[in-house]
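This report concerns the interface between two protein chains. The sequence and the structure are shown below.

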Amino acid sequence: MDKEKGVYLDYQAGAGVDPRVLDVMLPYMTESFGNPTSMHHWSWEAKKALENARRAVADLLGSQDWERILFTSSATESNNLALKGTARRLKKKGMHIVTSNIEHWSVHTPLKALQKEGFEVTQVEVDEQGLVDPGDVESAIRDDTIVISIMMANNEIGAIQPLEKIAHLAHERNALFHTDATAALGRMGLDVEKMGIDLLSLSSNQIYGPRGVGALYVKKGIRLEPVLHGGGQEFGMRSGTENIPGIVGLGKAAWIMAMEGEEERRMLGAMSDNLIERILSTIPGASLNGPKDPRLPGNVNVRFSYVEGEALVLGLDSYGIATSSGSACSSKTLEPSHVLLAIGLPHEIAHGSLQLSFGRWTTQGHMEKLMSALPKVVERLQKMSPLAPPEWLKEMYGG
Amino acid sequence: MKYNIYSEKVMDHFQNPRNVGVIEDPDGFGRVGNPVCGDLMEMFIKVEDDKITDIKFRTFGCGSAIATSSMVTELAIGTDLHRGLEITRGEVANELDGPPPIKMHCSNLAADALHAAIVDYLIKQDRLEEFGLSPEEAKKIVHPEDPEH
């Protein structure tokens, strides 16, 4: 977005707010600041804004039921509410939950917390492409399974999961189906009703709305035990005075995405497909992490033999190119990405990953800048790596 | 307030590492770290009259690991073996204006790799005793088992 700052290829970590979104948000901070709970006319505009935002988000999800969109502070909160809210409400029916081993921490960690409350969690393992096999989900479901939670698409490696089949299996066994759609939102066409989704978490920033806002779609007829107790806002399921400017922003972002998403996906998909092809065919020792298809448009996750990922990120940063890595050194725990380990990469290879994620303001010019820097960065690091066999270096780079 | 987790000095050594490469036929060789943990370092030294006359390194690892390897070679070149063995992990970290605490592990490896190369030389020359090292101590330095792993 900001050309002076160089090339930003880390949209999965955070995106700028679309100026069209910011424009509609501002008046709700300074002029129309009414609280929708009030009775006087200042509240009317807030109520109307809330309703419009719900309609826009429902529309993006392919739902008619705008009264089933709950606003939260983040996808993390949405995931917490979806999982804890259903589990605690349904615990008399059963105490078993099924999930995958590549979920985001905001699904993984609440499930760990629920385990401490006595719930049992079965993690279905993905294959080497990062895909969940619905057959594995089927065998994991038990009579006391109450919720199945599988992300729509993985944020790191872009693997799009076979949700329709999994949702169908959940319903056959009378369990609810929740999906964390944070990474997928705006990057694939959505129809919650057709896909059979009962609960769906999303984040505003993913579609160029402000941070600090998320939403949870809750299918009609499903009640949740609140996580935040208070004044009973959001249909009694999520208390706290509504963040109207943020919600208005999310609504506008959803509206824009519903209008422009298809074209945007085509552009991003063409760029990432092309980039993957170029990287794999021109850079020595390059391989793709995750599936070629079905993969989120705009997601590229690659690794290069004999080099470490954080060094790649730093090397690219010196060319003004912002990227990220699943390497241990990029994390707070010094463990490589659990997603890369889940697809079967050994630790020493998982350290070498480079994640590039594109968005609304990514251009072909950015690709060219990246492709002029990346081969140099990789070559420099491979040439100083004790892991690279001398014959291999000679074959790849000559003398 | 530091916003970049790495100091300018670390970035300089990462971008323009000194003494990268291999010495064919080195007098001493050290290899420490473990690629499973994300870093592996090799140090090659040439020794003349108990002085390190040439030193080269190769590193697989993060920015901090590469920068500290480079820094250690600069500290070590031209020094005598006693001094080389005295270069401490802390000294390297200080020289680099202190890498962030979570990176101390990688910066520690560089001094370890240098010590491994020097001790390898001493073993080959059969001079451990002269440097006050027992064979067991020497073995630990040449093949360190990092407790963090």
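## Extent of the interface

The model is predicted. The size of an interface is often given as the accessible area lost when the parts come together. Between chain A and chain B the buried area is about 1900 Å², and carbon and sulfur atoms account for 67% of it. Chain A brings 22 residues to the contact and chain B brings 23 residues.

Three residues stand out on chain A: Leu314(A), Met384(A) and Pro386(A) provide 32% of the area that chain A buries against chain B, more than any other three residues. As for polar interactions, seven residue pairs are in polar contact between chain A and chain B, counting pairs with both residues at pLDDT 80 or more. The number of salt bridges found across this interface is zero.

## The side contributed by chain A

Three helices of chain A, namely H10, H12 (347–350) and H13 (364–383), each supply at least two residues of the side that touches chain B. Of the elements on this side, H10(A) gives the most, with four residues. By class, the side of chain A that touches chain B comprises 11 nonpolar, six polar and five charged residues.

Two packed helices are described by the angle between their axes and the distance between the axes.

On the H10(A) side, the contact is made by Ala311(A), Leu314(A) and Gly315(A), and on the H1(B) side by Met11(B), Phe14(B) and Gln15(B). Four of the residues in the contact of H10(A) with H1(B) are nonpolar and two are polar, with no charged residues.

## Helix H10(A) against helix H2(B)

H10(A) also packs with H2 of chain B (residues 63–76), at an angle of about 80 degrees and with the axes 7 Å apart. This angle makes H10(A) roughly perpendicular to H2(B).

Here Glu310(A), Ala311(A) and Leu314(A) of H10(A) meet Gly63(B), Ser64(B) and Ile66(B) of H2(B). The contact of H10(A) with H2(B) consists of three nonpolar residues, two polar residues and one charged residue.

Note on methods. Residues are numbered from 1 along each chain as its sequence is written. Chains are lettered from A and ligands numbered from 1 in the order in which they are written. This is a predicted model: local features need pLDDT of at least 70, side-chain atom pairs count only at pLDDT 80 or more; totals for chains, interfaces and linings use all residues. Side-chain values use heavy atoms; hydrogens and water are left out. Contact means heavy atoms within 4.5 Å. Ala, Val, Leu, Ile, Met, Phe, Trp, Tyr, Cys and Pro count as nonpolar, Asp, Glu, Lys and Arg as charged, and the others, Gly among them, as polar. Buried area is the accessible area (1.4 Å probe) that two parts lose on being put together, summed over both. A salt bridge is a side-chain nitrogen of Lys or Arg within 4 Å of a carboxyl oxygen of Asp or Glu. A polar contact is a pair of N or O atoms within 3.5 Å; within protein, one must be able to donate a hydrogen and the other to accept it, and residues adjacent in sequence count only if both atoms are side-chain atoms. Axes are lines fitted to C-alpha atoms, for helices over the stretch in contact, and angles run from 0 to 180 degrees between N-to-C directions. Angles under 35 degrees count as roughly parallel, over 145 as roughly antiparallel, 65 to 115 as roughly perpendicular and the rest as oblique.
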